[in-house]
Amino acid sequence: MMDVFYYYIYLFYAKVMPDDYPHSNTVWALGFIFSLIINCPLDMGLAYFFSYTLNIFQLISITALLMLLFYFKYYKSGRGKQIVKKEKPKFFGSNTASIILTILFFLISMFFLFFSADIVREILEKKKAATSPM
């Protein structure tokens, strides 16, 4: 699954937004987008069950860890170049399905980026209102 996302994000950086270093930009973009997919539901779950939110250092640490992980997995090992030159992975053997699912993955991560703070705040306010004496 991640290989397909890597391939199509690479194509975006290579074709749509021509860049000198599409592999490195793909690694950083994939790491950042995946960190949004991890950080936001984690933060929402912690807020709902424990009335706790991750601080900025914890969020950045998770993001940096995922970026480092993707750096070693795809860039340092040469796996990214192998995916682009030889494998060209697809979801269900279809370019259209792969593009749609990659865009959907990106849109979900952007939803988390823009709305997770509001959702976590609402969760905490409802929990506070439910536990406060009337």
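**Before you start**

This is a predicted model, in which local features need pLDDT of at least 70, side-chain atom pairs count only at pLDDT 80 or more, and totals for chains, interfaces and linings use all residues. Residues are numbered from 1 along each chain as its sequence is written, and side-chain values use heavy atoms, with hydrogens and water left out.

**Exercise 1. Work out how the span of helix H1 compares with the expected span, and find what covers its buried residues.**

Solution. 
- Step 1: Helices are DSSP runs of H or I with at least four residues, numbered from the N terminus. Helix H1 covers residues 2-16, which makes 15 residues.
- Step 2: The expected span of a helix is 1.5 Å times one less than its number of residues.
- Step 3: Now look for buried residues (under 20% relative accessible area; exposed is over 50%, partly exposed in between, with a 1.4 Å probe and protein chains only). In H1 they include Met2, Phe5, Tyr6, Tyr10 and Tyr13.
- Step 4: The cover over the buried residues of H1 includes H2, H3, H4 and H5.

**Exercise 2. Describe the surroundings of Thr102.**

Solution. 
- Step 1: Find Thr102 in helix H5, residues 95-131.
- Step 2: Thr102 has a relative accessible area of 10%, so this residue is buried.
- Step 3: List its contacts (heavy atoms within 4.5 Å). Leaving aside neighbours within four places in sequence, Thr102 touches Phe5, Tyr8 and Ile9.
- Step 4: Check the side chain of Thr102: one of its polar atoms lies 2.7 Å from the backbone oxygen of Ser98.

**Exercise 3. Decide whether Pro22 is buried or exposed, and which residues it touches.**

Solution. 
- Step 1: Pro22 lies in helix H2.
- Step 2: Its relative accessibility is 13%, so Pro22 counts as buried.
- Step 3: Beyond neighbours within four places in sequence, Pro22 is in contact with Tyr10, Tyr13 and Ala14.
- Step 4: Compare sequence with space: Pro22 and Tyr10 are 12 residues apart in sequence, and their C-alpha atoms are 6.1 Å apart.

**Exercise 4. Look at the phi angles of Ser51 and Phe92, and say where these residues are found.**

Solution. 
- Step 1: Recall that most residues other than glycine have a negative phi.
- Step 2: Ser51 has a positive phi, near 55 degrees. This serine is found in the loop between helix H2 (22-50) and helix H3 (56-76), and is partly exposed at 43% relative accessible area.
- Step 3: Phe92 also has a positive phi of about 55 degrees, although it is not a glycine. Its place is the loop between helix H4 (79-87) and H5, and at 75% relative accessibility Phe92 counts as exposed.

**Exercise 5. Classify the ring pairs Tyr7 with Tyr8 and Trp28 with Tyr71.**

Solution. 
- Step 1: Rings of Phe, Tyr and Trp (its six-membered ring) pair if their centres lie within 6.5 Å; planes under 30 degrees apart count as stacked, over 60 as edge-to-face and the rest as tilted. The count by this rule is 14 aromatic pairs.
- Step 2: The rings of Tyr7 and Tyr8 have centres 5.1 Å apart and planes at 85 degrees, so this pair is edge-to-face.
- Step 3: The rings of Trp28 and Tyr71 have centres 5.9 Å apart and planes at 5 degrees, so this pair is stacked. The pair links distant parts of the chain, with Trp28 in helix H2 and Tyr71 in helix H3, 43 residues apart.
- Step 4: Ring pairs also link Phe5, Phe91, Phe92 and Phe105 into a cluster.

**Exercise 6. Find which residues touch the most other members of the largest nonpolar core, and which element gives the largest share.**

Solution. 
- Step 1: A nonpolar core is a set of buried Ala, Val, Leu, Ile, Met, Phe, Trp, Tyr and Cys residues joined through side-chain atoms within 4.5 Å.
- Step 2: The largest core has 21 residues, of which Met2, Tyr6, Leu30, Phe70 and Tyr74 touch the most other members.
- Step 3: H1 gives the largest share of this core, 9 residues.

Technical notes
Helices (H or I, at least four residues) and strands (E, at least two) are DSSP runs, numbered from the N terminus. A polar contact is a pair of N or O atoms within 3.5 Å; within protein, one must be able to donate a hydrogen and the other to accept it, and residues adjacent in sequence count only if both atoms are side-chain atoms.
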